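I opened my notebook to look up a few things in this model. I wrote each one down as I went.

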Amino acid sequence: MMELLQFSLCFMAFNCFALAKFNHFREVFKKKLTDKQRHSFLATGWITILLSLVLSVLSEGGYGALLFCGYMALSVLMLMILYSFTVSWVKHISILNLSILLLSCFSVMIF
Amino acid sequence: MKENFFRSMTWLHTWVGLLVCWLLFLIFFAGTISFFKDEITYWFEPETHTVTHQDNRLAKQRQQINYAVEQLQNKAADSSSWRIYLPEPRNPLYTYSYAEPKQSGQRRAKFTETYLDPTTNEQIAPPRETKGGYFFYRLHFDLHYIDVRTARWLVCLASLFMLIALITGVVIHKRIFKDMFSFRKNKGSRSWLDAHNVSSVLALPFHIMITYTGLITLIFMVFPYPAQTVYEKGLQQMFNEASPIRARVESSDVPAPLVSMNTILDQVYTKSPDADIGFFFIRDANKESSRVSVYLNTGKEVVDNGAAFLFSGSTGELLAEQGKDWSASARFYDSMTALHAGRLASPLLRWLYFLCGIAGCAMIATGCIMWAKRLRERLKPQQQAGVGLKLVETLNLATLMGLPFATASFFIANRLLPLEMVARADKEILVFFLAWLAMTVLAIISSSKRQWQLAAWLNALVCFAVPLVNAMTTEGNWISYLLTQKWTLFCVDFGFIIAGSLFILQGKKLRTASKKVSTRRFQKPKDLKEQQG
């Protein structure tokens, strides 16, 4: 479950980085990205990616850092496919990502 | 100045990459497959598929070592070397072997192996003669058919070129963050550039790490001079001092009974209570010079040579401990090797390694194709392609489509070659290279889009043939593997089904692309006439 939480955080971070770009935001929400929104996306992205890295390293040390590199590759690949071929799915996948993140977070805290 | 710098970096990136791209593709391809070396070997030995993973693996290790030593005492008390391999999460087999006396002119002794079911200790039929995943592992740095040293030098040079190409690639990719998630489809060479960029950027830390650590693993061959200066006897002395556990002692003829294995194991478990023993080697058993080496699995630690102990087999005394007094640089070297080989990886990390390896293959493949595509786009309508362009196009088709074709043929050969064939393992490898040669001939005949399409269909055919031939020649098939939860075997078969489907997609895509081209060619004179009219 810890791995799922780390990956969800990493995926969310890169999703935020993608949404902080004018072209991707316009494709998803059909409106212009404001500066305030851009800064919020960037801040959330940096916080979640660092959280993912810290959690990976804290739980598994050097091995966790390797896992984190893998999470980054998988996240970017999935998001590239999502934004290039099925951009209408971005909203649904983002909600799913958030739900999985919360669920894995709760289960890590409980167990 | 800035423009000149970017131009020179682009030039360097292009030529450094193009010069070695086919060799690099082979290295990356074989390396990526080698991440599943043990799993592939397991698939290649269907005789062992009845063996299931045992419960309480660690708790049974002491009993398994004692049982194997007892068996070896009965079978080969005089042998110079005994080896015991305990079941691991990636390999459920429990094996012991002993060295046969060396024949004259033989460099290494031949080992007679016995395979056991770890749950029942019952002997199982020895598997067919095959190299399995080990072939890809050696191909990755020994290249086969070439002298090992020359091959390793070539691999090192290719890695060095790759490192330069990676660094220059980062420098010339001005929009590295802006275009991170962008892939513009159906835009000709622009799409190939996007695919090249995305496959490079998404696993950039992995690409840099794997290339750098790859060079480090062979650094003592490339740069032996510091060790040769410091140590009188050069590299060998350095390695002996770094791992005293591997130091050889002169064999003595004085008989001495082998100490009870429990005496040795008690010391191992005192030093390392959660010890997970991987191998257990005994040299010169029943002699005064007897040595027992115990190697522990590393688990998730980023170390390649885990803890290991050397005992005297006649007294039970602990003689050396590996890794205890290592300097920081020795530890660094060891962890670099661990990062490269990925032997530490659990299934999740192993799949992530594999994904990044595939991204590396895609990065190299798209780079090679893009070079040829750009040059062809620049040709004027009546201009003939030069020798260089034709050579690159032929090599592209032969390598990029030839290697998957050869790999699938290698898997099929494992199932179809007669079991009693002499030097069977070598014949399997011969099939691999013959299949590759066949694809090369196809590429030499022509490297047109139609030929790529033919290669894609052929690749799809052999990929789908792998699970089919497996189902016809063994007792299992990918559905039964799924139902009985034999995930390793299922993943190999299913991997080929996915690869086959991707090749069908590629074939279809190439068909529509060539149709578009031919329609455009057909329509052009008509359009011109209309315009003129």
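In which loop is N286(B) found? I traced the chain and found N286(B) in the loop between β5 (277–283) and β6 of chain B. I kept in mind that this is a predicted model.

**Entry: two residues with positive phi**

I checked the backbone of N286(B). Its phi is positive, about 65°, although N286(B) is not a glycine. Is N286(B) buried or partly exposed? I counted 16 C-beta neighbours inside 10 Å, so N286(B) counts as partly exposed.

I then turned to Q485(B). Q485(B) is not a glycine, yet it has a positive phi of about 60°. I found Q485(B) in the loop between α17 (478–483) and α18 (487–532) of chain B. Q485(B) has 8 C-beta neighbours inside 10 Å, so it counts as exposed.

**Entry: chain B as a whole**

I stepped back to see chain B. How many helices and strands are in chain B? I noted 18 helices and 8 strands. The C-alpha atoms of chain B fill a box of roughly 105 × 60 × 45 Å along the principal axes. Chain B has 533 residues, and 36% of them count as buried. I also looked at contacts in chain B between residues at least 6 apart in sequence. Of these, 68% join residues at least 24 apart.

**Entry: P244(B) and helix α11(B)**

I picked P244(B) next. P244(B) lies in the loop between α10 (235–242) and α11 of chain B. There are 14 other C-beta atoms within 10 Å of P244(B), so it is partly exposed. I compared P244(B) with E321(B), which is 77 residues away along the chain. Their C-alpha atoms are separated by 7.8 Å.

An α-helix has 3.6 residues a turn, so residues three or four places apart point the same way.

**Entry: helix pairs in chain B**

I looked at α14(B), residues 387–416, and α15(B), residues 424–445. They pack at an angle of about 150°, and their axes are 7 Å apart. An angle over 145 degrees counts as roughly antiparallel. That is why α14(B) is roughly antiparallel to α15(B). I marked the crossing of α14(B) and α15(B) as right-handed. The residues of this contact divide into 16 nonpolar, 5 polar and 1 charged. Among those of α14(B) are L397(B), M401(B) and F405(B). Those of α15(B) include V431(B), F432(B) and W436(B).

I then took α2(B), residues 37–44, and α4(B), residues 133–142. Their axes come within 7 Å and cross at roughly 140°. α2(B) and α4(B) are therefore oblique to each other. K37(B), D38(B), E39(B), I40(B) and T41(B) make the contact from α2(B). G133(B), Y134(B), F136(B) and Y137(B) make it from α4(B). I sorted the residues of this contact by class: 4 nonpolar, 2 polar and 3 charged.

**Entry: a helix pair in chain A**

I moved to chain A. The axes of α1(A) and α3(A), residues 35–60, come within 8 Å and cross at roughly 155°. That makes α1(A) roughly antiparallel to α3(A). Is the crossing of α1(A) and α3(A) left-handed or right-handed? I marked it as left-handed.

**Entry: where the chains touch**

I ended with the two chains together. I noted 18 residues of chain A in contact with 19 residues of chain B. In chain A, α1 (2–19) and α4 (62–85) each supply at least two residues of the touching side. Which element gives the most to that side of chain A? I found α4(A), with 14 residues. By class, the side of chain A that touches chain B has 12 nonpolar, 4 polar and 2 charged residues.

Methods:
Residues are numbered from 1 along each chain as its sequence is written. Chains are lettered from A and ligands numbered from 1 in the order in which they are written. This is a predicted model: local features need pLDDT of at least 70, side-chain atom pairs count only at pLDDT 80 or more; totals for chains, interfaces and linings use all residues. Axes are lines fitted to C-alpha atoms, for helices over the stretch in contact, and angles run from 0 to 180 degrees between N-to-C directions. Helices (H or I, at least four residues) and strands (E, at least two) are DSSP runs, numbered from the N terminus. Angles under 35 degrees count as roughly parallel, over 145 as roughly antiparallel, 65 to 115 as roughly perpendicular and the rest as oblique. A crossing is left-handed if the near helix is turned anticlockwise from the far one by less than a right angle, and right-handed if clockwise. Two residues are in contact if their C-beta atoms, placed from the backbone, lie within 7 Å. Ala, Val, Leu, Ile, Met, Phe, Trp, Tyr, Cys and Pro count as nonpolar, Asp, Glu, Lys and Arg as charged, and the others, Gly among them, as polar. A residue is buried if 20 or more other C-beta atoms lie within 10 Å of its own, exposed if 12 or fewer, and partly exposed in between; C-beta atoms are placed from the backbone.
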